Amino acid sequence: MPIIKEVKPGSLAEELELVPGDEILKINGIDIKDIVDVQFALADELINIELRRQNGELWELEVEKDYDEGLGVEWEHPTVDKVHLCHNKCIFCFVDQIPGQMRKTLNVRDDDYRLSFLHGNFVTLTNLKEGELERIVRLKMSPLNISVHTTNPQLRVRMLANKKSGEILNQIAYLAEHGIEMNTQIVLCPEWNDGDELDRTIRDLYPFYPAVKTLSVVPVGLTKHRRGLHKLRGCTPEEAKRVVEQVHAWHEFLRPKLRTSFVHAADEFYVMAGLTVPSSDYYDDFSQIENGVGVIRTFLDEIDEAFPKAPKQLQTSRRKVGIITSVSAEQTIRNSLRRLDDVHGLHYEVFPIVNHFYGNNVSVAGLLTGTDITSQLAGKVAHLDTLLLPDIMLKDDEDICLDDYRVEDIQKALDVKVTVVPATGMGLLYGTLGYTQSLPPRRRYEATLKNAVGLD
Ligand code: SF4
């Protein structure tokens, strides 16, 4: 049962004198199994809560509240009971390709529809127990993020190595019929679910719009740690270009019908193919930005918006700054920084870091490690006033890289001050000019990272 970890000031929970350690047993007579039950049960104006205090005392409280008012607490665990683990053995699973010593959260094979609803994780729906599809509908767990990969039942069974995975279209049809909104994704593996299979999947899914709101096509993420795993390869630049063209052709067909793009190719395809990303209209409401769809466009637009308002001089009279970036973002960063070329006293250097840890095929910033940063920049940055490190390379709210390198370890190893900045256009602009105090606080990236690497 859900246990309270923290009570937010001014919240309903504070008014009720709930405290950390309180265990919620029932709300309005309904047994509470997990946080989704709490959310559902709270959708009422008169609430009766039965709880157990840490000392074992049983309490019963009653309160009148606004219909949509939550308790205002943090919970001990993201779902309360055990997280549902996946029953698949996907040919492209990123977890299989993570070296053993990496951060634990990346090694968890969760496939839990509750985490999809609560935190936006992608799920395959292949491990649902009897009655759980109905529970999703009953508790109105909408929207959900669903990893489809292919609608061809036989192919999905092979790709997910799970005999139960061929049911996805029926599951989607059921959820759509009962008003559940879904964002879907395809992890594209060349010679598996590309070409005609990709067309088939798009053709099967778009009739479910608006229940199936979006479909993203993301490239398979392959590290060098694939010994004993399926033989898979990433897209060539020509194949990446074909994917972009294929998706654009669908876009042109669907836009007049649906008044939305519906299907989007991830930014990585544009980078691989050397193509410019489309304008923001193409991305509609950027529903799948956490999945690497529209990140570059957002970044460029942010730069365009922030630049006219940004100071046109340095905070100090001279500034030598280094910018750490990924191989895939290098060109975007260099192009964006050109508009600072006239700033008097500014000297900047861009350092794309090759991912030796996971292998050169992995080129996104979120998977760079302290080991690669320090080994590749040794002896090259000590002359700088500061080195900008995008926060997407760090664990949420902590100064720790994927391989447990701390920011202070990087500073010490490279003999330079490291400044963490948001991985946004504004972060780049203000960080380079030295106005880091004007930047917004860091955001949460954990779910983004897991989605961005095609973990599910
Ligand atoms: S990719 Fe996701 S669903 Fe597939 S095996 Fe890995 S953790 Fe499970």
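Student: What area do domain 1 and domain 2 bury between them, and what part of this area is on carbon and sulfur atoms?

Tutor: In this predicted model, about 640 Å² is buried between domain 1 and domain 2, and 64% of this area is on carbon and sulfur atoms. On the side of domain 1, the residues that lose the most area to domain 2 are Asp34, Val36 and Phe40, which together account for 67% of what that side buries.

Student: How many salt bridges are counted between domain 1 and domain 2?

Tutor: The general idea comes first: side chains of opposite charge can pair when their charged atoms come close. In this structure, three salt bridges are counted between domain 1 and domain 2. Aspartate 34 forms a salt bridge with arginine 114, with the closest N and O atoms 3.0 Å apart. Across the interface of domain 1 and domain 2, three residue pairs are in polar contact.

Student: How many salt bridges does the whole structure hold, and which residue does lysine 8 meet in one?

Tutor: The whole structure holds 20 salt bridges. In one of them, the side chain of lysine 8 meets that of glutamate 74, at 3.6 Å from N to O. Because glutamate 74 belongs to strand 6 (residues 73-75) and lysine 8 to the loop between strand 1 (4-7) and helix 1 (12-15), this pair ties together parts that are 66 residues apart in sequence.

Student: What is the order of the strands in the open sheet of five strands, and which are the edge strands?

Tutor: The order is 7-8-9-10-11, with parallel pairing. The edge strands, each pairing on one side only, are strand 7 (122-123) and strand 11 (263-265). Two bridges pair strand 7 with strand 8 (residues 144-147) in the parallel sense. Valine 123 has isoleucine 146 in strand 8 as its bridge partner.

Student: Which peptide bond is cis at proline 143, and where does proline 143 lie?

Tutor: Most residues other than glycine have a negative phi, and most peptide bonds are trans. The peptide bond from serine 142 to proline 143 is cis, with omega near 5 degrees. Proline 143 lies in the loop between helix 5 (132-138) and strand 8. Lysine 140 is found in the loop between helix 5 and strand 8, and its phi is positive, near 50 degrees.

Student: What is the omega of the peptide bond from tyrosine 209 to proline 210?

Tutor: That bond, from tyrosine 209 to proline 210, is cis with omega near 10 degrees. Proline 210 is placed in the loop between helix 8 (195-205) and strand 10 (212-219).

Technical notes
Residues are numbered from 1 along each chain as its sequence is written. This is a predicted model: local features need pLDDT of at least 70, side-chain atom pairs count only at pLDDT 80 or more; totals for chains, interfaces and linings use all residues. Side-chain values use heavy atoms; hydrogens and water are left out. Buried area is the accessible area (1.4 Å probe) that two parts lose on being put together, summed over both. A salt bridge is a side-chain nitrogen of Lys or Arg within 4 Å of a carboxyl oxygen of Asp or Glu. A polar contact is a pair of N or O atoms within 3.5 Å; within protein, one must be able to donate a hydrogen and the other to accept it, and residues adjacent in sequence count only if both atoms are side-chain atoms. Helices (H or I, at least four residues) and strands (E, at least two) are DSSP runs, numbered from the N terminus. Two strands pair if DSSP finds at least two bridges between them.
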